[in-house]
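Please read this report alongside the sequence and the 3D view.

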Amino acid sequence: MTDDYLARIGRLIRDARQHRGWTQSQLAEALGTSQSAVNRIERGNQNISLEMIARIGEALDSEIVSLGYAGPMHLRVVGGRRLSGSIDVKTSKNACVALLCASLLNKGRTVLRRVARIEEVYRLLEVLGSIGVRTRWINDGVDLEIVPPAELDLAAIDAEAARRTRSIIMFLGPLLHRVTHFKLPYAGGCDLGTRTIEPHMIALRRFGLDITATEGLYHAEVDRSVTPGRPIVLTERGDTVTENALLAAARHDGVTVIRNASSNYMVQDLCFFLEALGVRVEGIGTTTLTVHGVPHIDVDVDYSPSEDPVEAMSLLAAAVVTESELTVRRVPIEFLEIELAVLEEMGLDHDRSTEYFADNGRTRLIDLTVRPSKLQAPIDKIHPMPFPGLNIDNVPFFAAIAAVAQGKTLIHDWVYDNRAIYLTDLNRLGGRLQLLDPHRVLVEGPTRWRAAEMMCPPALRPAVVVLLAMMAAEGTSVLRNVYVINRGYEELAERLNTVGAQIETFRDI
């Protein structure tokens with residue numbers, strides 16, 4: 001490689017490491033090399049192989065390069081443009097990944113309609129394919145067909161793909177009914193700080209699952225004589241924890257009561273899907289779920305997951321930050337009511353259509369038209385709560401919204417260790433955000449956004465927040481290495497371009 005390429009790669013590695021919050025010594029330890037070697041690489045003073053670049057990318061969960069392509073994907077954003085027209089909300093990312101995991105319960109053919117074509121889904125499809133599950137896109141690539149083998153080949157699991165998605169943790173619930181011992185790679189995903197899987201283990205031990213963790217693997221043993229004789233009380237009202245408990249209960253021969261369950265959108269979609277498989281679930285939408293399990297599931301099922309409320313919030317925030325009039329169609333209103341109530345108090349000017357049902361026949365949708373508004377900072381702090389509170393994943397969008405409001409807004413993101421830190425990246429674009437501690441950030445507005453070139457934060461929602469601010473900033477901005485956005489959004493830049501944004505995708509290595 002030329003010195004110029006080495007220097008550019010070194011800068012990308014340095015930025016990815018710093019956004020991960022690692023020192024050079026921590027990266028060196030992960031790679032099995034010295035801190036001085038990492039220092040030379042980052043300064044462009046050491047030849048580096050493609051294999052080493054790939055290892056660094058895996059360690060940092062950052063697409064430093066893509067073999068077979070010119071390099072990692074970037075976005076060039078010409079900001080200061082107003083959006084107009086209408087845009088549809090895609091199906092839920094989190095519901096789709098849960099349903100892919102749930103397909104392992106079924107020995108028959110599963111068809112999922114309008115599946116989100118995102119990196120998180122692709123990683124799970126790679127994992128499913130590696131263990132023998134046949135998947136193919138049908139109906140011009142809109143829908144997904146899933147056909148399992150008679151026996152899963154878990155020894156052949158694609159470990160690299162598995163480690164790039166935290167959703168792999170939801171394989172535990174279905175697999176404990178199929179095999180008595182198996183291994184799964186450690187879960188990955190966004191860099192949001194330390195997240196324990198102990199709440200999952202507490203729930204799944206009641207079904208006889210015992211986990212030990214060694215050398216990057218979960219080693220699972222199942223004792224089929226153990227069954228939940230009393231209600232399972234989740235120690236965390238988490239979405240994936242509830243989903244794992246539901247997946248375990250679905251094929252348990254008996255009645256399972258799950259208390260302190262999440263009633264969030266992806267959990268409800270999973271419950272609706274389980275009902276399509278013949279599993280009766282009582283209490284959908286509440287914190288107590290009663291599951292009447294079916295030991296053997298062999299049905300051909302066709303299911304349409306509902307729309308994504310977090311994507312709806314992303315599009316709504318895009319309109320607010322760019323001071324645009326935009327209609328966001330197919331908004332799952334029951335999962336955005338608190339957010340809209342807060343925005344109304346801040347002064348948001350908007351209209352709502354009458355309600356109608358999603359394709360699953362259960363979730364209520366509206367079309368939402370947002371107009372330019374004079375926003376005031378809310379009196380109370382912005383903080384998430386389990387559904388029906390303000391959605392945890394929607395908190396970051398209030399950082400960008402608060403930045404265009406008059407006054408100071410306190411955002412308390414108490415769930416994740418690192419995410420509030422990434423929101424301060426908005427300061428590079430002219431924002432005035434003060435980090436009070438790892439969970440609280442004070443946002444002062446209004447903001448005069450300015451263009452900048454920067455590395456994409458390694459967490460999905462803060463990354464999109466940065467993109468929205470770039471859309472509002474006069475001039476041309478560059479957002480580098482946007483793999484994390486592609487994990488959760490399908491063709492977001494292209495779709496925003498259809499309503500007036502000017503965002504170009506490019507690669508430079």
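The text below covers the nonpolar cores, a sheet, a helix and the aromatic pairs.

This is a predicted model, in which local features need pLDDT of at least 70 and side-chain atom pairs count only at pLDDT 80 or more, while totals for chains, interfaces and linings use all residues. Residues are numbered from 1 along each chain as its sequence is written, and side-chain values use heavy atoms, with hydrogens and water left out.

A nonpolar core is a set of buried Ala, Val, Leu, Ile, Met, Phe, Trp, Tyr and Cys residues joined through side-chain atoms within 4.5 Å. Buried means under 20% relative accessible area, exposed over 50%, and partly exposed in between (1.4 Å probe, protein chains only). The largest core has 152 residues, and Phe 171, Trp 449, Met 471, Leu 479 and Ile 485 touch the most other members. Helix H16 (residues 460–472) gives this core its largest share, eleven residues. Helices (H or I, at least four residues) and strands (E, at least two) are DSSP runs, numbered from the N terminus. Another core, of 17 residues, lies apart from the largest one and includes Leu 31, Val 38, Ile 41 and Ile 56.

Leu 31 also belongs to helix H2 (residues 24–31), whose buried residues are Gln 24, Leu 27, Ala 28 and Leu 31. These cover an arc of only 100 degrees around the axis, which puts them on the same side of H2; the arc is that of the directions from the helix axis to the C-beta atoms. Just after H2, Gly 32 has a positive phi of about 70 degrees.

Four strands make an open sheet of mixed pairing, in the order E4-E5-E3-E13. Two strands pair if DSSP finds at least two bridges between them. Strands E4 (134–138) and E13 (301–303) are at the edges with a single partner strand each, so one side of each has no neighbour in the sheet. E3 (residues 110–112) and E13 run parallel and are joined by three bridges, with Thr 110 opposite Val 301 in E13.

The whole structure has three aromatic pairs. Rings of Phe, Tyr and Trp (its six-membered ring) pair if their centres lie within 6.5 Å; planes under 30 degrees apart count as stacked, over 60 as edge-to-face and the rest as tilted. Two of the pairs are tabulated.

| Pair | Centre to centre | Angle between planes | Type |
|---|---|---|---|
| Tyr 265 and Phe 335 | 6.0 Å | 65 degrees | edge-to-face |
| Phe 273 and Tyr 303 | 5.8 Å | 70 degrees | edge-to-face |

Phe 273 lies in helix H11 and Tyr 303 in strand E13, so their pair ties together parts 30 residues apart in sequence. Both Phe 273 and Tyr 303 are buried. Tyr 265, Phe 335 and Phe 387 form one aromatic cluster.
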